[in-house]
Amino acid sequence: LEPVLSPAAGAAVMVFSILLTLAGGFRPARQAGATPPIVALRSPETARSGMGILRWFWCALLLAAGVGLSAGLQSVPLAGIGANGFVVAFVFGCAAGAAGPLRCPLVLKALTACFPASLSPEWFLARNAARHRVGQSAGAVIPLALGLILVGSFSTVLALFQRALALSSDTPGQPSDTAANLVIYGAPLLLATAAAAVTVFMTGRARERENALVTAAGATHSTIVRTAVLEAVVYTVTAALLSVLVLVPSLAVVTTAINRAVPGTGFVLGWLPWAGLAGVGLIALLISTVIPTLYANRTSIRAALAD
């Protein structure tokens, strides 16, 4: 198969992306337009971590679709598994994303609980900041986790399919195509990292006030910068853990199906693209947390707390 991106396909993707963005932003924009100015000027309330009926519906629907795909994958030939195997992990990943307001805080709290708050002042501040901003944490973690799921599942299924094809035909598999990989991995890489980084960057004003309060309490500028670095690491590791929780059972289903079609295939883990996307996501989150922090350190405490 040779990937080809025609002008018509590019235009269709652009139109679909614009419509999806408009659909996602219509409800928040409508609510913001109907919010009285006096309410908008009040201090923000703590974000709720619950799920509405619509989220439960989509979560249940996607889980059912994932289970159906997993069962149907066991009875299709090798070509069908190679073409559709990565969809299983992505569907389960979308279900996990729909349940993000519940799953993300649980995973984040479990991760941060592995290290005591007394480990260092920077860790204490980063730990509490990540736990306090539940809505921001989920908004930064879920897009990156979905990108990791898509890239990890595609690379692993492709590696499994190539090995099974080589075993079944007694010929070596096709070498990896760099251009095709850029086309495949470029979209989730850009979307996942940009969404995660922008979500964190948009909280710069609140972060500036928090940094001013911490500085007034006696913290140094270097402590605040190291806190921002640790916070970005927490978001990235949480996204990686969420992706692993989805990839492990999903890839086990695909591996079972491929080994049924071609016995002796075994298991091949395509971890390099996954690790690469995690690294790029970490860099993007570091930029979106450290740069506003460095800028905030140049602002006086009185000016930061005056507004």
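A disulfide is a pair of cysteine sulfur atoms within 2.5 Å.

## Cysteines

The structure holds zero disulfides. A disulfide is a covalent bond between the sulfur atoms of two cysteines. C104 is buried, at 2% relative accessibility. C114 is exposed, at 55% relative accessible area. Buried means under 20% relative accessible area, exposed over 50%, and partly exposed in between (1.4 Å probe, protein chains only).

## Model and overall build

This is a predicted model, in which local features need pLDDT of at least 70 and side-chain atom pairs count only at pLDDT 80 or more, while totals for chains, interfaces and linings use all residues. Residues are numbered from 1 along each chain as its sequence is written, and side-chain values use heavy atoms, with hydrogens and water left out.

The protein has twelve helices and zero strands. Helices (H or I, at least four residues) and strands (E, at least two) are DSSP runs, numbered from the N terminus. Of the 307 residues, 36% count as buried. Among contacts with a separation of 6 or more, 87% join residues 24 or more positions apart. A contact means heavy atoms within 4.5 Å.

## Helix 3

Helix 3 covers residues 53-73, which is 21 residues. The expected span is 1.5 Å times one less than the number of residues.

C59, G66, S70 and L73 are buried in helix 3. They cover an arc of only 70° around the axis, so they sit on the same side of the helix. The arc is that of the directions from the helix axis to the C-beta atoms. The buried residues of helix 3 pack against helix 4 (78-98) and helix 10 (221-261). On the other side of helix 3, I53, L54 and A71 are exposed.

## T112 in helix 5

T112 lies in helix 5 (residues 100-113). T112 is buried, with a relative accessible area of 0%. A polar atom of its side chain lies 3.2 Å from the backbone oxygen of K109. A polar contact is a pair of N or O atoms within 3.5 Å; within protein, one must be able to donate a hydrogen and the other to accept it, and residues adjacent in sequence count only if both atoms are side-chain atoms.

Leaving aside residues up to four places away in sequence, T112 touches W123, R127, R131 and V234.

## Helix 6

Helix 6 (residues 121-132) has twelve residues. From first C-alpha to last, helix 6 reaches 16 Å, close to the 16 Å expected at 1.5 Å a residue.

Its buried residues are E122, W123, A126, R127, A129 and A130. Seen down the axis, they fall within an arc of 170°, so they line one face of helix 6. The face turned away from that buried side carries the exposed residues P121 and H132.

## The salt bridge

Side chains of opposite charge can pair when their charged atoms come close. The structure holds one salt bridge. Here that term means a side-chain nitrogen of Lys or Arg within 4 Å of a carboxyl oxygen of Asp or Glu.

The side chains of R226 and E122 form the bridge, at 2.8 Å from N to O. R226 lies in helix 10 and E122 in helix 6, so the pair ties together parts that are 104 residues apart in sequence. R226 is partly exposed, at 40% relative accessibility. E122 is buried, at 12%.
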